[in-house]
Amino acid sequence: MTATPPRQRGHLRFPVTVVVLVVTATVSVVGLVDPQLGAMLTRDGVLVRDGQWWRLVTPMLVQPDGWGQFAFNLLGIVIVGAALEQRRPARLWLATYLTASVGIVVLLTLIRPGDHDGGSSHGVAALIGALAVTTVLDGRRHAVPSPLLDVASIAYSAFFCVYLAMLDLGGPWPAIVAGDLAVALSLTAWRLVGTTQTWRGVLVVLVLAGIAMAVRLDGHGIGLLAGAVVATVGRPRRSR
């Protein structure tokens, strides 16, 4: 017999996604309203060496690039986070998100200590990688009851992977065009061949985009690949 989904109570409930969303939104808004306070939470390798160790964790709670980054990243937590939480237990969700968010900050701090940045997108990238692998491996066994959530997670993930990879490789305008095209193609594929087959295609794009970004030391690419690995290793075994 196969493993049952973590929650089947007649309606969707995503407590981990909600908690992470509320905490992140609260700290991010405070940081945007008070830039001086927000700057105290961003990544800074020099200040970490001076004893400000909290900067290895707090960068995932602030969005220093402004309200656009805030909206994009928190939308990813909601959409991708809810879709993954529907399919996997809270411990895998948290392990994926926290390992990527903190691990990538630590790695980039060691490699590029002079950089100053922050954002939740590394964790969102890991959730996307985990969701893609989970959906492909599970097939139809853990289908999401909400078609809207299904479509939204596919569209957001396709845009995230293609847009950020092209932003590294070609700049903002090619990234916008390629990202919009990725959304259109992924939604068309969803209508024609269904969820699992569409996620197979997204997973291929994800791996290619992840490698392209990772070789440029872009944390988003590292996050995509790390999330895929965590989901593969943490996949529950079928009982006999």
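Thr 17 counts as buried, at 4% relative accessibility, where buried means under 20% relative accessible area, exposed over 50% and partly exposed in between, computed with a 1.4 Å probe on protein chains only. The residue lies in helix H1; helices are DSSP runs of H or I with at least four residues, strands are runs of E with at least two, and both are numbered from the N terminus. Not counting residues up to four places away in sequence, Thr 17 touches Ile 77, Val 78, Gly 81, Ala 82, Glu 85 and Trp 93, contact being defined as heavy atoms within 4.5 Å.

The model is predicted: local features need pLDDT of at least 70 and side-chain atom pairs count only at pLDDT 80 or more, while totals for chains, interfaces and linings use all residues. Residues are numbered from 1 along each chain as its sequence is written, and side-chain values use heavy atoms, with hydrogens and water left out.

**Overall architecture**

The protein contains ten helices and two strands, which follow the order α-α-β-α-α-α-β-α-α-α-α-α from the N terminus. Its radius of gyration is 18 Å, close to the 18 Å given by the globule rule for 240 residues, so the protein is as compact as a globular protein of that length. This radius is taken over C-alpha atoms, and the rule is 2.2 Å times the number of residues to the power 0.38. The C-alpha trace spans about 55 × 40 × 30 Å along its principal axes. Of the 240 residues, 48% count as buried. Among contacts with a separation of 6 or more, 80% come from residues 24 or more positions apart.

**Helix H5**

The 22 residues of H5 should span 32 Å at 1.5 Å a residue, and the end C-alpha atoms are 31 Å apart, which agrees; the expected span is 1.5 Å times one less than the number of residues. The buried residues of H5 include Leu 92, Trp 93, Tyr 97, Ile 104 and Leu 108. The buried residues of this helix pack against helix H1 (15-33), strand E1 (43-44), helix H3 (45-49), H4, H6 and H10.

| Residue | Loop | Relative accessible area |
|---|---|---|
| Arg 112 | between H5 and strand E2 (116-117) | 28% |
| Leu 217 | between helix H9 (195-214) and H10 | 31% |

Arg 112 is partly exposed, as is Leu 217. Leaving aside neighbours within four places in sequence, Arg 112 is in contact with Arg 43, Arg 216 and Leu 217. The C-alpha atoms of Arg 112 and His 122, ten residues apart along the chain, are separated by 16 Å. Leu 217 has a positive phi of about 60 degrees although it is not a glycine.

**The largest pocket**

The largest pocket holds about 570 Å³ of space. A pocket is an open set of points on a 1 Å grid over the protein atoms alone, where a 1.4 Å probe fits, with protein on both sides within 12 Å along at least five of seven lines; lining residues have an atom within 4 Å of a point. Grid points are joined across faces, edges and corners, and the volume is the space filled by probe spheres set on the points.

The lining comprises 29 residues, of which Asp 65, Gln 69, Ser 121, His 122 and His 220 lie nearest the centre of the pocket. Elements giving two or more residues to this lining are helix H4 (67-87), helix H5 (90-111), helix H6 (121-138), helix H7 (147-169) and helix H10 (219-233). H7 gives the most, with six residues. The lining divides into eleven nonpolar, ten polar and eight charged residues, where Ala, Val, Leu, Ile, Met, Phe, Trp, Tyr, Cys and Pro count as nonpolar, Asp, Glu, Lys and Arg as charged, and the others, Gly among them, as polar.
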